Number of protein chains: 2
Amino acid sequence: MFSLTSRFAKAVLVCVTLLCGAAYAADSAPQLDYPADYRNWIFLTSGLDMTYSGEQMAGHHMFDNVFVNPEAYKAFQATGRWPDKTILVKEVRGGQTKGSINRGGTYQQVGVMALEVHAKDEKRFPGQWAFFVFGDAKPAAAIPKEAQCYACHGSHGAVDNTFVQFYPTLMPIAESKKTLAAGYLKDESAAQK
Amino acid sequence: MFSLTSRFAKAVLVCVTLLCGAAYAADSAPQLDYPADYRNWIFLTSGLDMTYSGEQMAGHHMFDNVFVNPEAYKAFQATGRWPDKTILVKEVRGGQTKGSINRGGTYQQVGVMALEVHAKDEKRFPGQWAFFVFGDAKPAAAIPKEAQCYACHGSHGAVDNTFVQFYPTLMPIAESKKTLAAGYLKDESAAQK
């Protein structure tokens, strides 16, 4: 069950929301139900303390675990593209080093700090995709499409507004199916010069 | 599909095998098929550079992604115990920082470095559990039960020879079902003194 387990976790959630450029959206925004079953979905990857700015949060570690609904994963494996009704879930958990017999590196803590969702609905969402941040198990309203996260995903995501370049089982499929986005290919070309 | 993608990956596999105290076991040892479908199983956790000795491998990062077969996960959720035919898979992947738009922290690389499996079979394995290391998609022979990994898991695993203390969705279940092992409780008691 989803729970925010500390004041720090709540602070992270506020940061995530602000980074996406807006507080919760107006009542008229499209809504999405809390994806209660996501831990039974397909795991895509886990990253630790990833940042696009280079800034790190001092004194804390955060893992991002990414899951996708099984129907969308199956479709991506076959086509290299996300079908309608794709739901990607990013679960943020704290990391710690000392505990039990562990003496180095970082492992995942019990409490969930935040849950961010990126969902595709061709009819309901402007631009087909929308972001949601869940603070509890209630439905959430879409983050407005002017928020920075939409522009960044649109410009740099390897496939259809998503960061498939960080999903190790899917990137080779996108490469072989030739579904990589023009913006991503431009980034890679520039990086190699 | 499983593949060892570099000389470094092969070196990691050799290290993993040696850490478990033995080269591949004799022909008479129990065998296990390569769990080809494990990326469709239930994700338990991911750790980065975890070590029980405190020693770190210089210049390289390694993620451990842990998966379990869905039937076993369901049984654990209901009982706090692992049923017969539980299969836990630890997939080792390299980590990197610089790539695409990422500027800090660590994300997972495409190539799989090693696949270690811990399986329960009450009839076939002495002590009910056995470890396997897969170098390719062929069946593997059980690591002999004298190897260090068995003793460490038996002494320090939170539930039935397994490190449930590092699986954030399962540890609260084991606590509430009171299925924590005596050795683990002793470790925790000693750590708090």
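Student: In what order do the elements of chain A run from the N terminus on?

Tutor: In this predicted model, the elements of chain A run α-β-β-β-α-β-β-β-β-α-α-α from the N terminus. Chain A has five helices and seven strands, where helices are DSSP runs of H or I with at least four residues, strands are runs of E with at least two, and both are numbered from the N terminus. Residues are numbered from 1 along each chain as its sequence is written, and chains are lettered from A and ligands numbered from 1 in the order in which they are written. Local features need pLDDT of at least 70 and side-chain atom pairs count only at pLDDT 80 or more, while totals for chains, interfaces and linings use all residues.

Student: What makes Asn161(B) count as buried?

Tutor: A residue is buried if 20 or more other C-beta atoms, placed from the backbone, lie within 10 Å of its own, exposed if 12 or fewer do, and partly exposed in between. Asn161(B) has 22 C-beta neighbours inside 10 Å, and therefore counts as buried. Asn161(B) is found in the loop between α3 (148-156) and α4 of chain B. Its phi is positive, about 70 degrees, although Asn161(B) is not a glycine.

Student: How do you know that the buried residues of α2(B) are on the same side of the helix?

Tutor: The buried residues of helix α2 (residues 70-79) of chain B are Ala72(B), Tyr73(B) and Phe76(B). They cover an arc of only 100 degrees around the axis, which puts them on the same side of α2(B); the arc is that of the directions from the helix axis to the C-beta atoms. The face turned away from this buried side carries the exposed residues Pro70(B) and Ala78(B). Among the elements that cover the buried residues of α2(B) are β2, β3, β4 (87-96) and α4 of chain B.

Student: What takes part in the contact of the two chains?

Tutor: The contact takes 37 residues from chain B and 37 residues from chain A, two residues being in contact if their C-beta atoms, placed from the backbone, lie within 7 Å. On the side of chain B that touches chain A, β2(B) gives the most, with nine residues.

Student: Why is the relation of the chains that of a two-fold axis?

Tutor: A rotation of 180 degrees with 0.0 Å of shift along its axis superposes chain B on chain A, with an RMSD of 0.0 Å. That is the relation of a two-fold axis. The superposition is by least squares on the C-alpha atoms of residues with pLDDT of at least 70 in both copies.

Student: How do you know that the copies meet through the same surface?

Tutor: Of the interface residues of chain B, 100% are also interface residues in chain A, so the copies meet through the same surface.
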